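Below are some notes on the fold, for comparison with your own reading.

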Protein chains: 2
Amino acid sequence: MKQRMPVVENILSANDRLAEENRSRLEAANLYTINLMASPGAGKTSLIEHTIKRLSGQLNLAVVDGDIATSIDADRAAAAGAEAVQINTGGECHLDAVMFQGALNQLDLTKYDLLMVENVGNLICPASFKLGTHQNVLIASIPEGDDKPYKYPTMYRGVDALVINKIDLMPYIDFDMEYFQRGVEVLNPGLVTFQISCRTGEGLEAWLTWLQKKVASHNPADTDR
Amino acid sequence: MKQRMPVVENILSANDRLAEENRSRLEAANLYTINLMASPGAGKTSLIEHTIKRLSGQLNLAVVDGDIATSIDADRAAAAGAEAVQINTGGECHLDAVMFQGALNQLDLTKYDLLMVENVGNLICPASFKLGTHQNVLIASIPEGDDKPYKYPTMYRGVDALVINKIDLMPYIDFDMEYFQRGVEVLNPGLVTFQISCRTGEGLEAWLTWLQKKVASHNPADTDR
C-alpha cells in the first residue's frame with residue numbers, strides 16, 4: 001500500500017490549498033457555511049429540509065448537495081425553499097474542494113446568509129477532504145448503533161458539532177447513549193451535541209437556535225442590529 | 001480530477017489480478033466465501049453472529065473483519081464461535097485484495113467450509129475493489145431509507161444477493177418497500193433478496209437455507225453425500 005501514499009498526500013495538500021481559497025471567498029461574501037457529513041440515510045437531507053422551512057423567513061439560504069448519482073436531495077432542498085446546487089461526483093465517495101469551488105461558481109454568494117453543504121453519505125472519506133466551510137457537522141443516527149465513534153474515530157474527531165438524529169427510535173433499538181457519548185468524549189471532548197428527531201421535530205429548536213447564533217455572531221452587521 | 005484517473009485505474013487493475021489469485025487459493029481449498037458490504041450500522045456483524053450461531057454445528061466457519069479501527073466486530077464473531085481475523089485498514093475506506101490476501105495468510109483455508117468477509121462500513125468504495133470472494137452480498141436496512149438504490153447504484157448493481165435488515169422497524173419509519181425494490185430491480189433484475197430482522201430473528205431461515213445451499217452446491221464432496 002505504501003507506494004500510494006505520496007500521491008494521496010499531494011492530492012490532500014492541493015485540496016487544502018483550494019479549500020483555503022474557497023474559505024476566503026465565503027469570508028469576502030460574509031456567507032456562513034456548514035459541511036454536513038453522515039452515513040447514508042442518517043438524515044442529512046431531512047435536517048436540511050427542516051432547517052430551511054424554519055429559518056427561511058429570517059435568513060437567505062442556499063444548499064450544495066453532493067451525491068454520486070441523482071438529484072433527489074437537491075430537489076428536496078429546492079422544494080423546501082432554498083437555492084440548491086447539485087454536485088454529482090460521478091462515483092467519487094466524497095466532496096472535495098475542487099467540486100465545492102465549482103458549486104460556489106454557480107451561486108451569487110453575496111445573496112445568502114447561510115450555505116449548507118450536504119456531503120456524500122459516507123462516514124470515512126469526507127473527513128479527509130476539507131472544503132473551506134466554517135463548521136463541520138456530523139449527523140449520527142440511533143439505528144447506526146452506539147459503537148460508531150469507536151469505529152469511525154477520524155470522522156468523530158474532526159467535527160465541530162454533532163447531531164444525533166432519530167431519537168424517536170430509541171425504544172425500539174438497543175442503543176446505549178452513555179456508551180456512545182463516552183466514545184465521543186474521548187475523541188472530541190466537549191463537542192457540541194444535539195439530540196433530535198427529524199420525524200417528530202423533537203430537539204430541533206436547540207439546533208436551530210445554535211445555528212442562528214453561529215450565523216449572527218459570524219456576521220458583525222447582524223450582531224449590531 | 002482527470003489527472004487522478006490513470007493512477008486509480010492502475011491500482012484497480014493490480015487489485016483485480018490479486019483478487020483472481022485469492023480466488024484461486026479459495027478454490028484450491030474448496031472454501032466458499034462471501035463478501036458482506038453495507039452502510040455503517042446496517043447489521044453486518046449481527047448477521048454474521050446469527051449465521052455463526054445457527055450454522056456452526058454443520059459447517060466450519062471463519063470470519064475476516066475489516067475496520068478502520070478497533071477489533072469490536074472480530075471480537076463479536078469470535079465470541080459467537082468462529083475463527084476470526086481482524087484487518088485494521090488504518091484509515092482506508094474499503095478492503096482490497098492485498099489486505100484480504102494478508103488475512104488469508106493467517107488462516108488454514110482447508111479447515112473451513114464457509115468464510116464470511118465483513119467489509120468496511122461504506123456504501124461506495126468497497127464496490128470498486130474485488131477481493132476474490134465467490135459472492136458479494138449487500139445488507140440494506142430500513143432506517144437508511146427507501147432511496148438508497150437510486151443514490152448508490154454502483155453498489156446495488158454489483159452484488160449477487162441483497163439482505164434487507166431491520167424490518168421490525170417498518171412500523172416506525174416511512175419506508176416505501178415497493179419504491180425501494182423498484183429501484184433495485186432496474187439496477188439488478190431478479191436479485192436474490194431476503195427481508196430479515198436480526199433483532200427478532202424474522203426471515204433468517206430463508207437466508208441460512210440459501211447460504212447452506214450455496215456452500216453445498218459449491219462443494220462436490222458435500223452434494224455427493
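1. The model is a predicted one. Strand 2 (residues 61-67) and strand 4 (residues 114-118) of chain A form a parallel pair over five bridges. Within this pairing, A:L114 in strand 4 of chain A is the bridge partner of A:L61.

2. The pair belongs to an open sheet of seven strands in chain A, ordered 3-2-4-1-5-6-7 with parallel pairing. Strand 3 (83-88) and strand 7 (192-195) of chain A are the edge strands; each has a single partner strand, so one side of each lacks a neighbour in the sheet. On average, neighbouring strands of the sheet are turned by 20° against each other, direction ignored.

3. Helix 2 (residues 44-55) of chain A packs on this sheet, where it touches strand 1 (32-38), strand 2, strand 4, strand 5 (135-141) and strand 6 (161-165) of chain A. The direction of helix 2 makes about 165° with that of strand 4 of chain A.

4. Helix 4 (residues 97-104) of chain A lies across strand 2, strand 3 and strand 4 of chain A. Relative to strand 3 of chain A, helix 4 runs at about 145°.

5. Helix 2 of chain A also packs with helix 3 (residues 72-80) of chain A, at an angle of about 15° and with the axes 9 Å apart. Angles under 35 degrees count as roughly parallel, and helix 2 and helix 3 of chain A are therefore described that way. Their crossing is right-handed.

6. To this contact helix 2 of chain A contributes A:T45, A:I48, A:E49, A:I52 and A:K53, and helix 3 of chain A contributes A:D73, A:R76, A:A77 and A:A80. By class, the contact has four nonpolar, one polar and four charged residues.

Methods
Residues numbered from 1 in each chain as written. Chains lettered and ligands numbered in written order. Predicted model: local features only at pLDDT ≥ 70, side-chain atom pairs only at ≥ 80, totals over all residues. Pairing = 2+ DSSP bridges. Helix = DSSP H or I, 4+ residues; strand = E, 2+ residues; numbered from the N terminus. Axes fitted to C-alpha atoms, helices over the stretch in contact; angles between N-to-C directions. Contact = placed C-beta atoms within 7 Å. Parallel < 35°, antiparallel > 145°, perpendicular 65-115°, else oblique. Left-handed = near helix turned anticlockwise from the far one by under 90°. Nonpolar A, V, L, I, M, F, W, Y, C, P; charged D, E, K, R; others polar.
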